[in-house]
Amino acid sequence: MTILFGSPAWSEALRAEINRSSEYRNAAAKWGDGFNGNVLLVFDADASLPRRHALLVELAKGACQGASFTDDPQDPRAGFALRAPFSVWKDILDRKTLAATAMLTGKLKVDGDKMTLLKHTAAHRSLIGCAASLDTEYPTA
Amino acid sequence: MDPLYAPLVAAVEGTVLTPDQLTSEHRTNYGRLFDWTPRFLVRPRTAKDVQALVGFARTHHLSLTTRGMAHSQSQLAINRDGLLVDMTSLGAIGAVDPGALTVDVEAGVIWRDLVHHLKRDGLVPRVLTNNLGVTVGGTLAMAGIGVASFQYGSQGDNVAEMDVVTGEGKLVTCSPSKNAELFWGAIAGLGSFGIITRARLTLRRMKPMTRTYYLLYDDLRVFLDDARRAMDSGRFDHLESWGAPCAQGTRPVGGVRQVFAKWFYPFHLTVEFDPGSEPDDKALLKGLRPYDNLYTDDCPTIDFLERMVPVFELWKKAGTWEFMHPWIECILPWETAADCIEQVLQDTPPGIQVGGHVLLWPAKGATSRSKNFMRPEGDNLVGFGLLPAVPQRFWGDVKERFANVSRLMLAFGAKRYLSGWVDFDADDWKAHFGARWDELVSLKRTYDPDGILNPGFLPFEAPRRTPAGTP
């Protein structure tokens, strides 16, 4: 069933998908162990997204405790933030661009300790893979 | 007939070939990522020929690219619409000075030929690359690293003197103390400032036999600790390591299942010895903590230096020698090496062993004085190379992933080794060379003011001119 991006149902579906994913469970087993692993995904407004969306994903040791859209793009509960215009995110979620490429080329801006992120490349790839796997209705221009 | 053919033939003693006489091999290099056709391929007979070729290129506004055994994989050793100079025709080995421990060689000499020439005197170049089938000029222009580099630096650090033909056509003798700016510009200079035509190489005495301990590690960090211990111990003459995958099954990577591996780290530690003075195995390996001690091999030193030949022969027989080789090698800071290697290898399918391999080499930063061979700061460094053979039809599928491997290495503070596939933009190049970049631009203006030498790789701004007499 298609779920509207930005809705509570979408964030809940993401939480469930992460917790269903053995890829994520393995890849992120050490993510958030000893540090704040909560990640804020910030989808900046552009031609196809009228207003900014920010999604807080609460992550630790291979599991997701919660996911919810928030109004605060600097939400202090997050240990890391990944920011990009929605069109960049859309290419990633449509699997046209590798998340790693976006991150390493700076198209996806990182807030937080970049070295920690680099040490867990499989964890964020898997997280984004979970988001990409949802049957989503995206806003259109 | 090309209108420049006759004047070019008249200008040099060597041989001139036109595109119709070339094979596909001349249009590419070991990377097989590019297909460039030169206007002429020339095999010079003398350094004077090289000077004449530079003069000819300047007069007729042609680019000039030097080519040895063309083991590079980026836009090196290939030329588009200009002169491709096959330096292997300058292959004379000159006088050995057993007192000074030096030998004079022309730039096109193949290291293998030199090694066999010197063995009767019990001498050997201090540093040899794993592949001996490359030219002296080629590796000096790159840096040239090998299993003895942790002691002696790069091959470029073991040159007493060189003759270099500059981009102005001048033949200049240079050394670390004479015309040092040009000397250190030419060493690891990728042929950008001058063409090395002769080198006086520093040698060492070798013992006739080697003993190699084949240790195996299942933990990267334990291996790296032992690699540092082995370097610092002074007990070993050569240190080499591989990454070896053991396939485990399939697992999802980004939602797509692929074969994954548990990685092991073979560590080869070698000492040279005289027959009758066999090494004390226990003393040599004291303190090391391998997962397994697999094999101890005694062989003549000359055979040790040729140890990779069976591997290369296998690649040739299997046909993978003809595949694309987008090799990605780098020098990592010790502090980030383990994290970087783990991140790269977790996504590297074990199929990389088909016609390729994964190299690790512990290194010492202070052993090199080269200004152009860029490496991270620090006493201890780790060389890391992903050396795949990729069937041409798969290149489109994997190119981005390989580009990300390079980006990841850089993000961990690595410097790329430039013989492999390097897909840098102008900013990447400036970041690679740091403060050295402005000096290189200045060297280019001084020694190659027309920007004719080896274009297409380093992003120097060159005067644009239309080649004369374009047919």
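A disulfide here is a pair of cysteine sulfur atoms within 2.5 Å. The legends below describe a predicted model, in which local features need pLDDT of at least 70 and side-chain atom pairs count only at pLDDT 80 or more, while totals for chains, interfaces and linings use all residues. Residues are numbered from 1 along each chain as its sequence is written, chains are lettered from A in the order in which they are written, and side-chain values use heavy atoms, with hydrogens and water left out.

**View 1. Cys130(A), a cysteine in no disulfide.**
By that rule, the count over all chains is zero. For Cys130(A), the nearest cysteine sulfur belongs to Cys64(A), 9.1 Å away. Cys130(A) is also buried, with 4% relative accessibility (buried means under 20% relative accessible area, using a 1.4 Å probe and protein chains only).

**View 2. Cys330(B) and Cys340(B).**
Here the closest cysteine sulfur to that of Cys330(B) sits in Cys340(B), 5.7 Å off, which is too far for a bond. Cys330(B) comes out at 0% relative accessibility, so it counts as buried.

**View 3. The inside of chain B.**
Of this chain's 471 residues, 58% are buried. Take the contacts in chain B (heavy atoms within 4.5 Å) with a separation of 6 or more: 73% of them come from residues 24 or more positions apart.

**View 4. Charges of chain B.**
Chain B has 50 positive charges (Lys and Arg) and 55 negative ones (Asp and Glu), leaving out His and the chain ends. Their mean positions lie 1 Å apart, with each charge placed at NZ of Lys, CZ of Arg, CG of Asp or CD of Glu.

Note on methods: Buried means under 20% relative accessible area, exposed over 50%, partly exposed in between (1.4 Å probe, protein chains only).
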